[in-house]
Amino acid sequence: MTVAAGFAREDAGQPPLLFPDYRSTALRAPAHPPIPAPLTVTETTGPAGPWDRLMGAAAADLTTQAGGVAQGQRIIVGGRVLDQDGRPIANTVVEIWQANAAGRYRHDKDQWDAPLDPNFTGAGRVVTDDQGRYRYVTVRPGAYPWKNHANAWRPAHIHLSLLGAAFASRLVTQMYFPDDPLIALDPIVHAVPALLRSRLVARFDIETTRPEWALGYVFDVVLRGPDATPVDP
Amino acid sequence: MGGPRIPLGQTPSQTIGPFFHFSLPWAGGADLAGPVPAGRVIEVSGRVLDGAGEPVADALLEIWQADAAGAYGGSKGFAGFGRCPTDEAGRYRFRTLFPGRAAAPGGGLQAPHIAMSVLARGLLKRLATRIYFEDGAGNAEDPILGLAPAERRATLVARRQGGGADYRFDVVLQGERETVFFDV
């Protein structure tokens with residue numbers, strides 16, 4: 001077993017832990033910087049399925065989960081999960097969750113005064129194929145207000161959770177939609193350096209769009225993976 | 001192919017937010033040991049606290065560990081991974097197996113440990129830490145534990161409670177007893 005293979009480190013696109021404009025970071029960001037540690041077998045391995053047993057059956061269509069058809073603009077979101085060297089990450093699970101078309105989560109603590117949709121839960125998971133591809137069908141989530149600052153609104157977004165191939169690859173992120181004016185005002189997006197924020201924004205894709213059925217978006221996810229050129233073992 | 005390739009840009013991390021609970025299912029949840037445990041069953045519990053000492057009621061903790069023999073993902077029926085959201089008081093509890101000793105880089109063995117990810121509203125990216133055990137073999141020589149400054153090392157060591165199989169491990173995000181986190 002490889003114990004200390006080379007592994008890509010965080011690149012410049014990752015946000016800092018303390019970002020004062022996002023107020024909740026003030027009491028939650030550690031004061032000490034994380035201590036750089038060599039990766040051991042603990043960090044270069046991770047859970048590997050079988051995903052059906054560990055997470056339940058795949059749920060790739062969020063528009064028909066609850067009996068009827070969900071309200072809102074039907075969309076297809078697809079893309080590939082790759083490592084930094086462009087290698088596909090096959091058979092990895094992509095978990096998603098989101099607000100409904102009105103901007104409301106099916107969650108007890110979401111008090112935003114927008115209607116719940118009885119036909120929309122907002123949680124799904126898909127497993128990538130041998131080319132690292134994933135695809136799901138959902139509705140475009142609505143924007144919603146939050147209390148970070150006066151007149152604060154989260155841009156429409158879909159949460160994604162990826163385990164990747166190793167503990168070190170773990171990524172939780174949010175995908176945004178092109179041409180959303182709220183992106184330019186959002187402190188959570190702004191924690192990412194300006195030139196690299198486009199990595200969080202899906203692109204509209206007419207090829208993914210299905211005629212007379214749903215708009216299509218592409219969002220590729222790049223996870224940290226083993227280096228192409230291993231460092232000394 | 002000539003010349004070094006330019007790596008693809010990594011997808012930036014964003015906070016998990018407060019509303020993840022209806023997603024992210026995991027078989028067994030916080031119980032990794034299951035009904036037929038293949039090793040010594042332990043419980044690891046504690047609280048997640050913020051810089052004001054207040055409970056973090058909307059964190060998600062994930063753990064990843066070796067089986068009782070020190071192997072990762074090697075045994076059927078022990079996935080080695082679990083998830084536990086914190087409750088209103090910031091509490092969590094995992095039921096799992098006492099991990100065996102995994103290989104250390106460059107030879108030798110690591111002390112028994114569990115890798116932990118901390119995700120929460122207000123955390124723009126995952127925090128990674130390790131749970132060691134006060135009665136674990138090899139703590140003094142462990143190459144990762146040894147990276148923590150001596151005066152903060154105790155934050156990485158779970159304390160045995162009541163002489164049994166119950167270990168206490170608090171996660172302090174910020175402040176005087178701040179847990180040591182690793183850049184992995």
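Let's start with chain B. For its 184 residues, a compact globule would have a radius of gyration near 16 Å, and chain B has 17 Å, which agrees. That radius is taken over C-alpha atoms, and the globule rule is 2.2 Å times the number of residues to the power 0.38.

A word on what we are looking at. This is a predicted model, in which local features need pLDDT of at least 70, side-chain atom pairs count only at pLDDT 80 or more, and totals for chains, interfaces and linings use all residues. Residues are numbered from 1 along each chain as its sequence is written, while chains are lettered from A and ligands numbered from 1 in the order in which they are written.

How confident is the predictor? The model scores ipTM 0.96 and pTM 0.96. Chain B has a mean pLDDT of 95, and 98% of its residues reach 70 or more. pLDDT is the predictor's confidence in each residue, from 0 to 100.

Back to chain B as a whole. Its C-alpha atoms fill a box of roughly 55 × 45 × 40 Å along the principal axes. What is it built from? Chain B has zero helices and 10 strands. Helices (H or I, at least four residues) and strands (E, at least two) are DSSP runs, numbered from the N terminus. Buried residues make up 49% of chain B. Buried means 20 or more other C-beta atoms within 10 Å of the residue's own; exposed means 12 or fewer; partly exposed is in between; C-beta atoms are placed from the backbone. Of the contacts in chain B between residues at least 6 apart in sequence, 70% join residues at least 24 apart. A contact means that the two C-beta atoms, placed from the backbone, lie within 7 Å.

Take B:Cys84, in strand 3 (residues 81-85) of chain B. Buried or exposed? B:Cys84 is buried, with 21 other C-beta atoms within 10 Å. Leaving aside neighbours within four places in sequence, its contacts include B:Gly29, B:Leu61 and B:Phe94. B:Ala104 is another story: 20 residues from B:Cys84 in sequence, and 28 Å away in space, C-alpha to C-alpha.

Now B:Arg121. It sits in the loop between strand 5 and strand 6 (127-133) of chain B. B:Arg121 is partly exposed, with 19 other C-beta atoms within 10 Å. B:Arg121 and B:Ala59 are 62 residues apart in sequence, yet 7.0 Å apart in space, C-alpha to C-alpha.

Strand 1 (residues 35-36) of chain A runs parallel to strand 10 of chain B, joined by two bridges. Strands pair if DSSP finds at least two bridges between them. In this pairing, A:Pro36 stands opposite B:Asp183.

On to chain A. It has two helices and 12 strands. Its radius of gyration is 19 Å, close to the 17 Å from the globule rule for 233 residues, so chain A is as compact as a globular protein of that length. Of those residues, 44% count as buried.

Which order do the strands take in chain A's open sheet of four? The order is 4-3-8-9, with antiparallel pairing. Strand 4 (123-127) and strand 9 (171-176) stand at the edges with a single partner strand each, so one side of each is left without a neighbour in the sheet. Five bridges join strand 3 (residues 93-98) to strand 4. Among those partners, A:Trp97 faces A:Ala123.

Last stop: strand 5 (residues 133-139) of chain A. Five of its seven residues are buried. It pairs with strand 2 (residues 74-83) of chain A, antiparallel, over seven bridges. There, A:Arg74 has A:Val139 as its bridge partner.
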